[in-house]
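Reader: Please show me the model, and then let us go through it by question and answer.

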Amino acid sequence: MTARVIDGKAIAAELRAAVGTETRRLVAERGLTPGLAVVLVGENPASRAYVGSKSKAVVEAGMRPFDHHLPDDVSEDALVALVKRLNVDPAVSGILVQLPLPPQIDASRIIATVNPDKDVDGFHPLNAGRLASGLPGLAPCTPLGCIKLAKTVQASLAGLDAVVIGRSNIVGKPLAQLLLAENATVTVAHSRTRDLPALCRRADLLFAAIGRPEMVRGDWIKPGAMVIDVGINRITDGGKSRLVGDVNFTEAAAVAGAITPVPGGVGPMTIACLLVNTLRAACMQADLPAPGV
Ligand code: NAP
């Protein structure tokens with residue numbers, strides 16, 4: 001069997017275009033332009049590149065970007081003060097503080113300072129609690145993107161056996177909650193899980209969010225299963241550097257029914273879902289119904 005490759009790049013482009021259409025309608029009908037503030041601390045090249053792509057996508061969607069670049073040695077109090085200013089700025093619908101932060105800053109304090117209604121990353125404990133309680137709120141972008149990709153293959157995930165490898169607050173745990181909300185039967189695996197390959201072989205839906213290059217092998221996959229690879233790992237191969245996922249793509253594609261590539265799978269969906277969250281946040285703050293994207 002050769003798996004269908006889920007084209008995250010194309011699906012993300014469609015989603016960004018749909019957000020753009022809804023945004024322009026909001027501007028025309030309500031005079032409301034959603035704004036996204038992105039705060040970058042320091043010079044981490046990966047973070048800089050990521051923040052650059054976010055700002056470009058924000059402008060393309062017809063939203064207003066507010067970029068803040070702070071020096072690597074900024075104090076925690078100065079960063080908290082900036083977030084508090086953004087919290088009360090009516091032009092700012094969403095706030096994203098790019099992680100990781102330098103060691104002098106307690107990331108959990110910064111996350112907790114963001115106004116939960118503007119928390120487009122969905123990392124604030126209140127939004128994590130809303131998600132776990134099945135209440136409306138803002139959910140993290142990468143897990144949202146995973147669900148949207150899975151639903152392009154199977155419109156309903158109800159009753160499917162889903163295995164999520166990884167239990168981080170930014171991917172594994174919220175992904176498990178979103179899958180539960182889709183009525184999947186969810187198992188969350190981690191570094192202490194016994195016989196991970198056997199567990200994975202039971203999964204109709206397998207999500208890998210581990211951070212270990214090509215750890216998931218072909219013989220871990222149930223024939224015909226859907227495999228969503230969240231991992232982004234840079235490896236050096238024959239003297240050349242390239243990105244690989246947490247799944248051995250060649251082996252898995254020979255067994256799975258559908259699979260996301262790396263790059264070009266989950267990655268592009270994260271930014272598209274950030275735009276969705278910014279639009280949702282703007283609508284929520286204006287007491288308007290949630291947008292249809
Ligand atoms: P993380 O915080 O390091 O969490 C990794 C998880 O994997 C942990 O729960 C850990 O278990 C588990 N794990 C590690 N080794 C394992 C093993 N041998 N067997 C089973 N489970 C194991 O990472 P993360 O932030 O969730 O990110 C995961 C991956 O997704 C990374 O490659 C990251 O770059 C990528 N990512 C991609 C996007 C995107 O936009 N596509 C966004 C975010 C992250 P324990 O909890 O027991 O330690």
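Author: A polar contact is a pair of N or O atoms within 3.5 Å; within protein, one must be able to donate a hydrogen and the other to accept it, and residues adjacent in sequence count only if both atoms are side-chain atoms. This is a predicted model, in which local features need pLDDT of at least 70 and side-chain atom pairs count only at pLDDT 80 or more, while totals for chains, interfaces and linings use all residues. Residues are numbered from 1 along each chain as its sequence is written, and side-chain values use heavy atoms, with hydrogens and water left out.

Reader: Which side chain makes a polar contact of 2.8 Å with that of Ser55?

Author: Ser55 lies in helix α2, residues 45–60; helices (H or I, at least four residues) and strands (E, at least two) are DSSP runs, numbered from the N terminus. Ser55 has 11% relative accessibility and counts as buried, where buried means under 20% relative accessible area, exposed over 50% and partly exposed in between (1.4 Å probe, protein chains only). The side chain that joins Ser55 at 2.8 Å is that of Asp67.

Reader: Which residues does Arg48 contact, leaving aside neighbours within four places in sequence?

Author: Arg48 is also found in helix α2, and at 41% relative accessibility it is partly exposed. Contact means heavy atoms within 4.5 Å. With those neighbours left aside, the residues in contact with Arg48 are Leu40, Glu43 and His69.

Reader: Where does the side chain of Thr260 make its 2.8 Å approach?

Author: Thr260 sits in the loop between β11 (258–259) and α10 (266–285). Its relative accessible area is 1%, so Thr260 is buried. Beyond four places in sequence, Thr260 touches residues including Ile6, Leu149 and Phe249. The 2.8 Å approach is to the backbone nitrogen of Asp229.

Reader: Which element gives the largest share of the shell around the ligand?

Author: The ligand is surrounded by 22 residues, and Arg167, Ser168, Ser191, Arg212 and Thr270 are the closest; a residue is near a molecule if one of its heavy atoms lies within 4 Å of it. The largest share of this shell is 3 residues, and they come from α10.

Reader: What percentage of the ligand's area does the protein bury?

Author: A side-chain N or O atom of Arg167 is 2.7 Å from an oxygen atom of the ligand, and one of Arg212 is 2.8 Å from a ligand nitrogen. A polar side-chain atom of Thr270 lies 2.8 Å from a ligand oxygen. Accessible areas come from the Shrake-Rupley method with a 1.4 Å probe, and for residues only the protein chains shown count as cover. Taken alone the ligand exposes 930 Å², of which the protein buries 71%.
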